[in-house]
Amino acid sequence: MNTSHYGVGVNQQEVCANFSAQQRRVHQLAVQAERRDIPRIQVAVKTQSAATIRDVVACGATYLGHNRVQELQATATDLRAAGIFDDVELHLIGNLQSNKVNHTLRHATGIDTLDRAAIIDRVAASLERLGEESEIARRNRDYLDVMIQVNISGEATKAGCDPEATVDLARQVATKQNLRLVGLMTIGPLTDDRAAIRAAYTRMSALREQVAAVPGCESCQELSMGMSADLPEAIGAGATIVRIGRAIFGER
């Protein structure tokens, strides 16, 4: 079997086995945390080939995340050609630049990285202008699911809004009839200190509750946080969505 489009030493069968193993791991961690719900896995498909992405969808993955708009567009195009795009949700989980908004909206079913007032306005206005050309219109949806990305650790290298700005941005999203705020997203602090990671995620959980209590923002129920290296801390703190890539596909 040709494995050139996979991570080092990983083939299609192993991708499926890895995906199943991560599902079991997430379930086990949720049980250990005495959670009644099981977080969903968003498969981070950054840099993966079209063939690899089709394979992981065939393994049962239905929730994909792309960091780059160009790769997201290519994935959507390929999955449409394969006749399986309607089976998946494809979200942008990387930084969104203003000049990439239209390209994103033509292919994405969600954007998880809104972090400033200007980009919220731009997305809502562009979605209205695109009309039937947007992916959500093609799927007969009235609004685009979005999340606000929060820089909960305050690290200069991290994208996301200041935690103090989150409620105001949430209120802004709530004024847009074609956007639905479904949750908050963050990237955990870059540290080996597990207590610091857990504390950051706990602050995110409290912030989500604060936002959901704002009139018009009750739909803010999701908490996207945690990746392969810090799943126990994220799930223990209340993550409803975890983003996993390397543990499924191997090292890039």
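Exposed, for a residue, means over 50% relative accessible area; buried means under 20%, and partly exposed lies in between. Asn140 has 71% relative accessibility, so Asn140 counts as exposed.

The model is predicted. Its pLDDT averages 94 over the chain. Of the residues, 96% score at least 70. The start of the chain is another matter. Over residues 1-9, pLDDT stays under 50. The model has 18 contacts for that stretch beyond four places in sequence. Where pLDDT is low, predicted coordinates should not be read in detail.

Turn next to the interior. In soluble globular proteins, nonpolar side chains tend to be buried together. Here the largest nonpolar core has 68 residues. Those with the most contacts inside that core are Val43, Leu64, Val123, Leu144 and Leu179. Take Leu179 as a way in. A second core is separate and has seven residues. Tyr63, Met147, Met185 and Ile241 are among them.

Gln22 belongs to helix 1, which covers residues 12-32. Its relative accessibility is 9%, so Gln22 counts as buried. Beyond four places in sequence, Gln22 is in contact with Ile41, Leu231, Ile244, Ala247 and Ile248.

Now the charges. The structure holds 17 salt bridges. How do the two ends compare with the cut-offs? Arg139 has 15% relative accessibility and therefore counts as buried. Glu89 has a relative accessible area of 24%, so Glu89 is partly exposed.

Arg139 has another partner. Arg139 also forms a salt bridge with Glu135, and the closest N and O atoms are 2.7 Å apart. At 1% relative accessibility, Glu135 counts as buried. These bridges belong to a network. Through shared partners, salt bridges join Arg80, Asp86, Glu89, Glu135, Arg138, Arg139 and Arg141.

Arg139 also meets a ring. The charged end of Arg139 sits over the ring of Phe85, 4.7 Å from the ring centre.

Arg106 lies in the loop between helix 4 (101-105) and strand 4 (110-114), and Glu133 in the loop between helix 5 (117-130) and helix 6, so the pair ties together parts that are 27 residues apart in sequence. Arg106 has a relative accessible area of 31% and is therefore partly exposed. Glu133, at 48% relative accessibility, counts as partly exposed.

Finally, look at the loops. Which residue in the loop between strand 1 (40-44) and helix 2 (50-58) deserves a look? Thr47 lies there. Thr47 is not a glycine, yet its phi is positive, at about 70°. With a relative accessible area of 42%, Thr47 is partly exposed.

Asn140 returns here. Its place is in the loop between helix 6 (135-138) and strand 5 (144-149). Asn140 is not a glycine either, and has a positive phi of about 60°.

Glu164 lies in the loop between strand 5 and helix 7 (166-174). Its relative accessibility is 71%, so Glu164 counts as exposed. Glu164 and Ile152 are twelve residues apart along the chain. Their C-alpha atoms are separated by 9.8 Å.

Conventions. Residues numbered from 1 in each chain as written. Predicted model: local features only at pLDDT ≥ 70, side-chain atom pairs only at ≥ 80, totals over all residues. Heavy atoms only, no water. Lys NZ or Arg CZ within 6 Å of the ring centre and 35° of its normal. Helix = DSSP H or I, 4+ residues; strand = E, 2+ residues; numbered from the N terminus. Buried < 20%, exposed > 50% of the residue type's maximum accessible area, 1.4 Å probe, protein only. Contact = heavy atoms within 4.5 Å. pLDDT = per-residue confidence, 0-100. Core = buried A, V, L, I, M, F, W, Y, C linked by side-chain atoms within 4.5 Å. Salt bridge = Lys/Arg side-chain N within 4 Å of Asp/Glu carboxyl O.
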